[in-house]
Amino acid sequence: MEEKESICKYEDTVVQESADGFTVTVVDKKKPQKIIKENEAEDKPQVKLYKRRFLILGIFCIYSMSSAFQWMEYAIISNIIVKYYKGTSMLAVQWTSMIYMLSYIPLMFVATWMLDKWGLRKILLVGSALNAIGSLIKIGSVNPNLFAVSFFGQTIAACAQSFILEIPPKIASVYFGPTEVSTATSMGVFGNQLGVALGFVLPPLMVPLGTDDEIASGLRIMFISSAAVCTLVVLLIFIVIKDEPPLPPSKARAISIAAESSNQATHATSLNNYKRSIKVLMKDIPFLVLLISYGINTGTYYAIGTLLNQIIEEYHENAEKQIGEIGLTMVVAGLGGSVICGLFLDKTKLYKSTTVGIYVLSLAFMCVFSFTLSLGLLWLDYLTIGLLGFFMTGYLPIGFEFAAEITFPESEATSSGLLNVSAQIFGIVLTLSSGQLLDHFDAGAATKFMSAALLVGTILTVLIKSDLKRQNAN
């Protein structure tokens, strides 16, 4: 019996015209709910959400956490590191943090191009391998005369950050649905912040301010534990993570895939396509304004984390554990802020209003922290730094998602990578400038300088024009 092509399609049923009339072919046992025209069914892209996405996001969070822990592990016990490693200055210890910022600036462009050319899986394997190698090198640096070896290992581990910070919005867009992307990005940032939190609290507990032997024992335990986690992460990424799911999770992702294919066809190589994407973003005025404002906010956060030991110790001597706990409070509160802000954004889609609101509150609590620091009340420092962390960390995924919205359909990895380059540049400038103010004046001068920087960033954020291109596509 010869059948003609379909003339009508239901959601779960295909109706075909045959020689003896209409034959109904049931594709699924569910009751048909609506009629879809033939051309509409063909144009509508197939989308699907896979449960595996949560496992992939979880592995990435552990990877990001292991990197962020290493970022803070020296700076939070800077006085202990200076005591143990002979001839080491406080500035050298500050550079164990700033090397993460400095190395990211050139390597981000390499990492983003590699992501475009090689895909998600290979880029995560390269980054996690660097992270593990750096942590293994540091195990052999536990000697008062081997700070250079320890710094070399830290530099290798720092290079891995370039293969991490721009990934959360990429994983969110590749694996998660339109009502989940902001939350997924927040969870990706959550992993990094959890690592910072552990980097604040564990080193003071593991490495005591005691004899050289006691310090060496603590450092050895810390380095071996970190290396074990980093090595495990490499294996998990190798076994579990793939570049893409078989079907895209959203219509916006399907459109993005089509746009990427079109651009790659037009621009013969992935390098040319990457250059094209950079040029497009560099001509996008709203994105450029966001680039600067994001850099100021996140750079201030980096400066606070790097200098927290010196800032608090000015008013509370020999309070290493309490300083670590204050840093932990800042980050744990920020973890809550990151997740809550992501959930709020998924529900409301108020990108501009949310970004401005969080920025204003970050400025407000930075000012409160600055003007109450000299009171010498530890409980007040816990409270103000916690509120500051809630809003400053909450801003991180919001900035990523806002950039993805206003630059769609350009790659989320490219836009977030450029945001992170700006953050590293401002982080170095603000850390060095605030460090000089600490050395020549006091902690109050350093924190007031950071408050002034956030005021500039707040004004710029208000000026950003909001055009939610990705939401329109969905």
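Predicted model: local features only at pLDDT ≥ 70, side-chain atom pairs only at ≥ 80, totals over all residues.
Student: Where does Val126 lie?
Tutor: Val126 lies in helix α5, residues 120-139. Helices (H or I, at least four residues) and strands (E, at least two) are DSSP runs, numbered from the N terminus. Residues are numbered from 1 along each chain as its sequence is written, and side-chain values use heavy atoms, with hydrogens and water left out.
Student: Why does Val126 count as partly exposed?
Tutor: Because its relative accessibility is 28%. Buried means under 20% relative accessible area, exposed over 50%, and partly exposed in between (1.4 Å probe, protein chains only).
Student: And which residues is Val126 in contact with, leaving aside neighbours within four places in sequence?
Tutor: Met114, Trp118 and Phe163. Contact means heavy atoms within 4.5 Å. The C-alpha atoms of Val126 and Met114 are separated by 10.0 Å, and these two residues are 12 apart along the chain.
Student: New topic! How many helices and strands are there in the protein?
Tutor: There are 18 helices and four strands. Of the 474 residues, 55% are buried.
Student: What about the largest nonpolar core, how many residues does it have?
Tutor: That core has 91 residues, and Leu219, Ile304 and Ile311 have the most contacts inside it. A nonpolar core is a set of buried Ala, Val, Leu, Ile, Met, Phe, Trp, Tyr and Cys residues joined through side-chain atoms within 4.5 Å. Helix α12 (residues 285-313) gives the largest share of this core, 14 residues.
Student: Where does this core lie relative to domain 1 and domain 2?
Tutor: It lies between them, because domain 1 (49-249) and domain 2 (278-473) both give residues to it. The domain bounds come from an automatic or database domain assignment.
Student: Back to Ile311, what does it touch?
Tutor: Not counting residues up to four places away in sequence, Ile311 touches Phe369, Leu373, Leu438, Ala443, Thr447 and Met450. There is also a second, separate core of 27 residues, which includes Ile56, Leu57, Val174 and Val233.
Student: Last one: is Thr372 buried or exposed?
Tutor: Thr372 counts as buried, because its relative accessibility is 16%. Its place is in helix α14, residues 351-372. Leaving out residues up to four places away in sequence, Thr372 touches Leu380 and Thr384.
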